[in-house]
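Me: I'd like to learn how to read aromatic pairs and cavities in a model. Can you walk me through them?

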Amino acid sequence: MTNVRDFGAVGDGRADDTKALRHAVEQGGGQLDFPRGTYRLTAPLEIDLDRSGPIALAGQGGTARLLMDGPGPAVRLVGTHGKSADPTTFEPRVWQHQRMPTVSGLEIVGNHDQADGIEIEGTMQPTISGVLIRRCRYGVHVVKRNRNVLLADLHIYDGRGPAIGVYFDGVNLHQAIITGSHISYCKHAGIKIARSEIRNIQITGCDIEYNFDTGNPESADVWVDAREATVREGTIASNTIQAKGSPRGANIRIEGAERDDSGGAGLWNITGNVLQDQQINVWLRYCRGITLTGNTFASAYERSIVIEHCRDIVVGSNVIDHNPDYKGPSLGGIRVVNSAGINLQNLIIDGSRAGGPDEGGAIEVVDSSEILILGCQLLDSEFRGVDLRNCRNAKVSECVIVDRRPQPTMREPVRHV
């Protein structure tokens with residue numbers, strides 16, 4: 001282990017430590033120790049893994065801070081891996097010099113409008129753990145081609161401007177895991193995927209909250225944007241995901257290209273999450289092959305679940321409720337539009353105020369086909385339990401639809417027009 005102060009780093013928050021830290025990377029022998037202090041950077045600490053060899057940056061349990069006082073990432077990890085994760089595709093130098101670059105135990109603070117936390121490019125098995133990143137435009141920025149990315153036990157907090165906590169930006173990536181992390185107060189998105197070819201991504205055991213912007217349209221805690229590429233084989237499980245109502249905001253938003261049968265966004269499991277406090281809790285657009293089960297929903301100001309232009313979606317064994325302890329104009333319920341092969345079963349939807357006197361209800365399905373609504377309990381709906389409009393091959397079976405309030409307002413349990 002090499003102490004970065006042995007290479008001239010001061011760590012007083014005033015001196016420019018950029019040159020000294022670059023020297024430590026080049027000559028420090030691989031494992032760099034940052035003693036307690038604030039290390040000011042005015043340009044990225046770029047690590048060419050092919051030159052540096054295996055490297056680890058360690059901050060002594062969070063006592064060391066990198067203060068990024070210029071544009072770009074505080075730490076940039078750059079490798080040359082351009083193949084798949086198949087062991088037979090690796091160049092020898094990747095295993096010898098580049099595998100598993102590690103950053104741990106550091107705090108990274110942005111002090112510039114274009115400051116980022118950590119950027120990852122061309123890497124194999126990058127491992128970022130136990131890091132606090134705050135006041136940065138992008139917390140962790142993953143670009144170009146990478147394999148086997150592990151982000152664990154992170155605190156990404158209070159992003160600068162229209163920030164993104166973890167940003168997969170135009171990346172070709174297989175095998176990524178985000179686990180055990182707090183990602184909050186990043187206005188544009190907590191986790192966002194855009195313009196990327198991704199297979200196998202798991203988001204598990206995280207607290208992803210208050211990633212919203214009331215002053216701008218469109219934000220999400222988790223946003224999978226596959227309109228320009230394909231993102232498949234994903235899991236969002238065992239997370240608490242919540243925000244505040246914002247224009248076109250969602251807790252989880254997954255969308256593919258606007259064409260039939262594209263399948264660009266599909267093969268996703270969303271299970272075991274608590275989802276609450278946004279315009280839409282889960283918003284699926286142009287998706288195919290998604291299972292949404294075992295979640296608890298609350299406080300959706302437009303709808304709990306919106307499914308638009310999708311195929312082959314299962315929504316089962318979820319609770320959609322507006323807990324009386326949570327105040328606000330919650331509407332809740334499910335809306336399905338221009339979709340086919342939709343299975344809604346074993347749901348409890350309690351107290352939905354969605355719809356109006358003329359149309360809409362706790363479950364609203366419009367211009368869709370091959371719809372099965374089975375074994376649901378639709379309780380105390382303001383207007384209707386189920387509203388089907390211009391649908392074919394639709395079946396509603398074995399549901400309990402009742403208004404138990406002293407002054408019932410539900411107009412009809414099921415309407416099909």
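Me: Let's start with Tyr185: is it buried, partly exposed or exposed?

Reply: Buried means under 20% relative accessible area, exposed over 50%, and partly exposed in between (1.4 Å probe, protein chains only). Tyr185 has a relative accessible area of 38%, so it is partly exposed. Keep in mind that this is a predicted model, where local features need pLDDT of at least 70, side-chain atom pairs count only at pLDDT 80 or more, and totals for chains, interfaces and linings use all residues. Residues are numbered from 1 along each chain as its sequence is written, and side-chain values use heavy atoms, with hydrogens and water left out.

Me: How are the rings of Tyr185 and Tyr210 arranged?

Reply: A pair of aromatic rings is described by the distance of the centres and the angle of the planes. Rings of Phe, Tyr and Trp (its six-membered ring) pair if their centres lie within 6.5 Å; planes under 30 degrees apart count as stacked, over 60 as edge-to-face and the rest as tilted. Here the centres of Tyr185 and Tyr210 are 5.3 Å apart and the planes sit at 25 degrees, so this pair is stacked. Tyr185 is in the loop between S17 and S18, and Tyr210 in the loop between strand S20 (207–209) and strand S21 (219–226), so the pair ties together parts that are 25 residues apart in sequence. Strands here are DSSP runs (E, at least two residues), numbered from the N terminus.

Me: How many aromatic pairs does the structure hold?

Reply: There are 4 aromatic pairs. One of them is Tyr157 with Tyr185, edge-to-face at 5.7 Å centre to centre and 75 degrees between the planes. Ring pairs link Tyr157, Tyr185 and Tyr210 into a cluster. Tyr157 is partly exposed too, with a relative accessible area of 41%.

Me: And how many cavities of 30 Å³ or more turn up?

Reply: On a 1 Å grid over the protein atoms alone, a cavity is a set of points where a 1.4 Å probe fits but cannot get out; lining residues have an atom within 4 Å of a point. A volume is the space filled by probe spheres set on the points, which are joined across faces, edges and corners. The whole structure gives 2 cavities of 30 Å³ or more. The largest has a volume of about 60 Å³, and its lining has 15 residues, with Ile320, Asp321, His322, Ser330 and Gly332 nearest its centre. S28 gives the largest share of that lining, 5 residues.

Me: What about the second largest cavity's volume?

Reply: That one is about 30 Å³. It is lined by 13 residues, and Tyr157 is among the closest to its centre.

Note on methods: 1 Å grid on protein atoms, 1.4 Å probe; cavity = no way out; pocket = protein on both sides within 12 Å on 5 of 7 lines; lining within 4 Å. Helix = DSSP H or I, 4+ residues; strand = E, 2+ residues; numbered from the N terminus.
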